[in-house]
Amino acid sequence: MIQVGINGYGTIGKRVADAVRAQPDMEVVGVAKTRPNFEAGTAIEKGLDLYAAIEKRKPLFAEAGIDIAGDVEELVAASDVVVDACPSGVGADNAEMYREYDTPALLQGGEDADVVDSSFNARSNYDTVEGDDLVRVVSCNTTGLSRLVAPLDEEYGIEKVRTTLVRRGGDPAQSGRGPIDDILPNPVTLPSHHGPDVNTIFPDLDIDTLGLKVPATLMHMHSVNVTLESDATVEEVRDLLEGERRMFVIPEWLGLDGAGAIKELAQDAGRPRADVWENCIWGESITVESGSSTTRAGGETASDLYLFQAIHQESDVVPENVDAIRAVLGTADRAESMATTDEAMGLDDPLAPTRRAVAADGGE
Ligand code: NAD
């Protein structure tokens, strides 16, 4: 069994801990916390050992009547791999500790790419990170874009990606974030950092991204245009994406008109924390304009693909962290790992009641 330590037990850390606990080949050694709050209570309730991330705050745990199994260094020493889910920048500060204990660590998308040996997305570059000391599981938006780019690039070749990212202002519990009543070009300059971040996974990809922030907490929304190098049809693209893991091509009859309805469906389906681990692509939005913009020498035409996809920022990186554990340690190949992860998390039967209803009704 792979022994996994979790340093930072917030939005991402607690989800990764649950996903790791569900795997047949992994165990959670414990989780490191800075303070005794409701999430410390959640960890205890789940039977997880708590480690103190900051030594001088240990008395706070004792005052709250919470037992501590040790210091974070002991957690790192006892782990085969650590998932660092600390706030942006703290992962970089922790890098030295992981190197000192010779424990490979997975940092998250809030860290700079130059802090780590490699950046990771399971679908796109699983095979490239084995043996690395520090691996960054790219951000929610970069994960969502990489999952889309990989099959399109393999099937058609990609000339250029242009994406506008309408980003949630904050997660539901981030009461200090905004905007509350505004629409912000964010950043106002182009490109937003997302394009260059996708290039950490696809170094040769031509991609431009624009970012906005809106008063929403549920999900991000991407408006995507991909100029493909060869001709495609809507049906082919739809089939291709439906055949991919971690893609939910939304059938029209479901009536999912936005992120709120998708989250409601996830709740109805009994998903933990109403998480939506898949890219949610509106099937009706998939549009292809063949040969419209580019005609090459020899008469070969390109296709312009358009679609909308919603990305659940709090959870799409969770299965990616699980795969990154196996990828770094070299304990499974990509197909095996993604299948194991998805089955254990319940991703193999995404939004199950809906799928069953579709099958029973002979629907779309
Ligand atoms: P969070 O604030 O919800 O959780 C971070 C946790 O780490 C908190 O519980 C905090 O108390 C704890 N912490 C702070 N300092 C620590 C330390 N020194 N040692 C141990 N724990 C410490 O943050 P998050 O949203 O889970 O983000 C974590 C990382 O994941 C960031 O890099 C972020 O950019 C990335 N990420 C976040 C999202 C998202 O939408 N929330 C999506 C993808 C990636």
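Me: Where is Pro-187 found?

Reply: Some ground rules come before that. This is a predicted model: local features need pLDDT of at least 70, side-chain atom pairs count only at pLDDT 80 or more, and totals for chains, interfaces and linings use all residues. Residues are numbered from 1 along each chain as its sequence is written, and side-chain values use heavy atoms, with hydrogens and water left out. Helices (H or I, at least four residues) and strands (E, at least two) are DSSP runs, numbered from the N terminus. Pro-187 sits in the loop between β10 (184-185) and α8 (194-198).

Me: Which residue does a cis peptide bond join to Pro-187?

Reply: Most residues other than glycine have a negative phi, and most peptide bonds are trans. Here a cis bond joins Asn-186 and Pro-187, with omega about 0 degrees. Another cis bond joins Leu-190 and Pro-191, with omega about -10 degrees. Pro-191 also lies in the loop between β10 and α8.

Me: What is phi of Arg-246 near?

Reply: Phi of Arg-246 is near 65 degrees, a positive value in a residue other than glycine. Arg-246 belongs to the loop between α9 (234-242) and β13 (247-250).

Me: In what order do the eight strands of the open sheet come?

Reply: Strands pair if DSSP finds at least two bridges between them. The order is β4-β3-β2-β1-β5-β6-β8-β7, with parallel pairing. β4 (70-71) and β7 (118-120) stand at the edges with a single partner strand each, so one side of each has no neighbour in the sheet. Val-82 has Ala-105 in β6 as its bridge partner.

Me: Which residues are closest to the ligand?

Reply: A residue is near a molecule if one of its heavy atoms lies within 4 Å of it. 20 residues surround the ligand, and the closest are Thr-11, Ile-12, Arg-168, Asp-171 and Gln-313. A polar contact is a pair of N or O atoms within 3.5 Å. A polar side-chain atom of Thr-11 lies 2.8 Å from a ligand oxygen atom. For Ile-12, a backbone N or O atom is 2.9 Å from an oxygen atom of the ligand. Arg-168 places a polar side-chain atom 3.0 Å from a ligand oxygen atom.

Me: How is the protein divided into domains?

Reply: Domain bounds come from an automatic or database domain assignment. Domain 1 covers 2-138 + 317-345, and domain 2 covers 141-316. Contact means heavy atoms within 4.5 Å. The contact takes 26 residues from domain 1 and 22 residues from domain 2.

Notes. A polar contact is a pair of N or O atoms within 3.5 Å; within protein, one must be able to donate a hydrogen and the other to accept it, and residues adjacent in sequence count only if both atoms are side-chain atoms.
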